[in-house]
Amino acid sequence: MAYRTRVVERHDGTIDGSVAVAIDDPRQGHRMGVALPVEHDRWIVTLGSFHGDPAPTDPASFEDAARTLPAPELAAVLACGDAQGTVQRYRMPTSRRRHVERAGRVAPGFVVLGDAVCSVNPVYGQGMTSAALQALALGECVGRFGPASDRLPATFYRRAARVVDVPWRIAAGGDFADPRTSGAKPVGTDLTNRFLERVFRACHSSPAVARQTQRVQNLLDPPSSLLRPDRLLRILLADRRARAAERRSAVGALSRGPALAPPESVDRHAAELHRRMVLR
Ligand SMILES: Cc1cc2nc3c(=O)[nH]c(=O)nc-3n(C[C@H](O)[C@H](O)[C@H](O)COP(=O)(O)OP(=O)(O)OC[C@H]3O[C@@H](n4cnc5c(N)ncnc54)[C@H](O)[C@@H]3O)c2cc1C
């Protein structure tokens, strides 16, 4: 996973709302983008790429790359605000989980937590919440057993494992939606991803589904909350509506004739993505 990030001035009315997110479909492309409002009226705009091909760091090409995302808002944010500083780079090689709960005897008075137990693709935005939930669990274990107890590490690690199970399943499992992802695939990942594909499509047209999905992604509610019968029905109906809309727009695009050529400065992959988006 590679990030390229730039800060720009924020002007009222550039885009509606306080958070803009545009995420590519990992099965069809491998770029995503996010713009978040930060202090002193600025946006922090990040373009991410999976499995190589990071966005360029020269400002013009960075903006070109933003224009290849499936939604225009990020490019609009970049076009409207004066850039501050250079484009910053960040790279994360892999998600990693250490099954500390399976360790045999561990020394009392010493535990690890947070990213040391489980670090996942930051694009899912769950690492801090996971670390905080582990810290809460640790506090309860310390309160119950005392900080130097023999029983503390094993009990805490069992609780930490339950905490990280959810982000690990969502993040590491979600990354397997891209066929280039390698590694030990958690059991049931393909089934979960097929369901999540429907959920994410449903989010496009149902604010209620989008809200609940956010709650699950932010670890406020368990994934099973999406399976409540009324929510499941809403997901399936919204997914059906979204698919029908996609089919209609594909037919419309074909009947309008050949797709427009992408801008010349856009790279080869982005050109391919652009072509697919126009045809979708
Ligand atoms: C680019 C990026 C974006 C992210 N976005 C989000 C997000 O939106 N939401 C979210 O929830 N999570 C996000 N995360 C994940 C989140 O930052 C981590 O999961 C979280 O910070 C983990 O907390 P931690 O305390 O385990 O580790 P860290 O926050 O990494 O803290 C470890 C600390 O130990 C220090 N340290 C390291 N080695 C030594 C040493 N030898 N001696 C002394 N000190 C040392 C480090 O300097 C650091 O301060 C993101 C991560 C990255 C990289």
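**View 1. Glu 63, Ala 66 and Arg 67 in helix 1 meet Leu 74, Ala 75, Leu 78 and Ala 79 in helix 2.** Residues are in contact here if their C-beta atoms, placed from the backbone, lie within 7 Å, and helices (H or I, at least four residues) are DSSP runs numbered from the N terminus. The residues of this contact comprise 5 nonpolar, no polar and 2 charged, where Ala, Val, Leu, Ile, Met, Phe, Trp, Tyr, Cys and Pro count as nonpolar, Asp, Glu, Lys and Arg as charged, and the others, Gly among them, as polar. The model is a predicted one, in which local features need pLDDT of at least 70 and side-chain atom pairs count only at pLDDT 80 or more, whereas totals for chains, interfaces and linings use all residues. Residue numbers run from 1 along each chain as its sequence is written.

**View 2. Helix 1 (residues 59-67) and helix 2 (residues 73-80) pack at an angle of about 150°, with their axes 7 Å apart.** Axes are lines fitted to C-alpha atoms, for helices over the stretch in contact, and angles run from 0 to 180 degrees between N-to-C directions.

**View 3. Helix 3 (residues 127-145) and helix 4 cross at roughly 155°, and their axes come within 9 Å.** Helix 3 contributes Ser 130, Leu 133, Gln 134, Ala 137, Leu 138, Cys 141, Val 142 and Phe 145 to the contact, while helix 4 contributes Arg 151, Leu 152, Thr 155, Phe 156, Arg 159, Ala 160, Val 163, Val 164 and Pro 167. By class, the residues of this contact divide into 12 nonpolar, 3 polar and 2 charged.

**View 4. Helix 4 has a kink of about 35°, centred on Trp 168.** The bend at a residue is the angle between axes fitted to the seven residues ending there and the seven starting there.

**View 5. Helix 4 and helix 5 (residues 189-203) pack at an angle of about 90°, with their axes 10 Å apart.** Helix 4 and helix 5 are therefore roughly perpendicular to each other. Arg 169, Gly 173 and Gly 174 in helix 4 meet Thr 189, Thr 192, Asn 193 and Leu 196 in helix 5, and the residues of this contact divide into 1 nonpolar, 5 polar and 1 charged.

Notes: Helices (H or I, at least four residues) and strands (E, at least two) are DSSP runs, numbered from the N terminus. Two residues are in contact if their C-beta atoms, placed from the backbone, lie within 7 Å. Angles under 35 degrees count as roughly parallel, over 145 as roughly antiparallel, 65 to 115 as roughly perpendicular and the rest as oblique.
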